[in-house]
Amino acid sequence: MQDIPTQALPNAQSRPRGTDVADCVVIGAGPAGLTAAIYLRRFHRDVRVIDAGEPRAGKISRSHNVPGFPDGIAGHELLLRMAVHLERMGGVVARGKVCSVIRVEEDLFELGLGESSLRCRYVLFCTGVVDRPAAIPGADLVEDAGLMRYCPVCDGYEHTGKRIGVLANSAHSLDEAKFLKNFSDSVKVIPVEGCVESIGAQAAELELECLAGLATELSVDPSGCVVVQVGRSHQQSVDVLYSALGVDPRASLARSLGVKLDDRQGIVIDQHCRTNVPNVYAAGDVVSALDQISVAVGHAAIAATSIHNALGSVNSSGK
């Protein structure tokens, strides 16, 4: 499933509108960014949303743990619904890449957008994370078939009782494999190039089955199963494959502004989603927390309300 193109969102623009000072710029139009913008518009705030068109949620083929959607909902459809909601509040999503964020005055930021710029009083980073790719021949075929999964918390339930393979290279990978044992007795750890040498011994300590050898190729057979080539001679078939290779937060812009990051390179926030830099907030997966849509939405509601309160009263006609 491809990410929903930003230009296909309702009222999308080729670049941010206007040259005035916005109350807040939200960077990223995933679940966190769109929720925050909806809240801020409902507070009559001038909020601009800038999105590069790469929301991680857009890759979700169907999520069954978003409250209110008992039959599940595809990630791109959820984002579209949220964009429509924002549009009805008078907001829009502008397509573009934020290249720089600098503080030009005590309470004023300037965002570089290539050939243009935008100024604002508050910045909210909702830039998310990037899944580390499985650099194995055939991984794209498994991805296209919808059989490469990334979040056991999100969809482990849907694979209850199935044969599950876990691409692994670290202790983090083994933790995810152990978690998946809650859903199936058939969980196999599949080492990949670059894994720690002791991964087999570590898996044994956790009572996990670990294949002897590295995964060298992936494919999908006619029955719809994932075939993992291990070394030159062994093959292992599974019903679904989890890539447990970790994620990288999109935090380079925040770092350049002096925002504090933790040891996982996620943005550090307080209980109001404020960073250590005044007037700079963060929400969603870019913050080190449980990477879930529900968590991102909760972060966004807290951040937007805090920003609104910090901005002070709105004039009687609204904005």
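These legends accompany an overview and several close-up views of a predicted model.

**Figure 1. The whole protein chain, as a predicted model.**
The protein chain has eight helices and 17 strands. Its C-alpha trace spans about 70 × 35 × 35 Å along the principal axes. The radius of gyration is 21 Å. A compact globule with 319 residues would have a value near 20 Å, so the two agree. Of the 319 residues, 50% count as buried.

Strand β1 covers residues 21–27. How many of its seven residues are buried? Six are, so β1 is largely enclosed by the rest of the structure. Strand β1 pairs with strand β6, residues 117–125. The two run in the parallel sense, and six bridges link them.

Strand β1, helix α1 and strand β2 make a β-α-β unit. The unit is right-handed. Helix α1 spans residues 31–42.

**Figure 2. His44, between helix and strand.**
His44 sits in the loop between α1 and β2. The phi of His44 is near 65°, a positive value in a residue other than glycine. Most residues other than glycine have a negative phi.

**Figure 3. Cys273, a buried loop residue with positive phi.**
Cys273 also has a phi near 65° and is a residue other than glycine. The loop that holds Cys273 lies between α7, residues 252–256, and β17, residues 280–282. Cys273 has a relative accessible area of 2%. That value is under 20%, so Cys273 is buried.

**Figure 4. The β4–β5 hairpin.**
Strands β4 and β5 form a hairpin. Two residues lie between them. Strand β4 covers residues 100–105, and β5 covers residues 108–112. The strands run antiparallel and are joined by five bridges. Which residue of β5 is the bridge partner of Ser100? The partner is Gly112.

**Figure 5. A nonpolar surface patch around Phe179.**
Val153, Phe179 and Leu290 make a nonpolar surface patch. The patch has an area of about 250 Å². Phe179 belongs to helix α5, residues 171–180. The relative accessible area of Phe179 is 34%, so this residue is partly exposed. A residue needs over 30% to join a patch, and Phe179 has 34%.

**Figure 6. Ala212, an exposed loop residue.**
Ala212 is placed in the loop between β11, residues 209–210, and β12, residues 215–220. The relative accessible area of Ala212 is 77%. That is over the 50% cut-off, so Ala212 is exposed. Ala212 and Val230 are 18 residues apart along the chain. Their C-alpha atoms are separated by 7.8 Å.

Terms used: Residues numbered from 1 in each chain as written. Predicted model: local features only at pLDDT ≥ 70, side-chain atom pairs only at ≥ 80, totals over all residues. Heavy atoms only, no water. Patch = residues over 30% accessible without salt bridge, like charges linked within 9 Å, V, L, I, M, F, W, Y side chains within 5 Å. Areas by Shrake-Rupley, 256 points an atom, 1.4 Å probe, with all protein chains shown as cover. Salt bridge = Lys/Arg side-chain N within 4 Å of Asp/Glu carboxyl O. Helix = DSSP H or I, 4+ residues; strand = E, 2+ residues; numbered from the N terminus. Buried < 20%, exposed > 50% of the residue type's maximum accessible area, 1.4 Å probe, protein only. Pairing = 2+ DSSP bridges. Right-handed = clockwise from strand over helix to strand, strands pointing away. Rg over C-alpha atoms; globule rule 2.2 N^0.38 Å.
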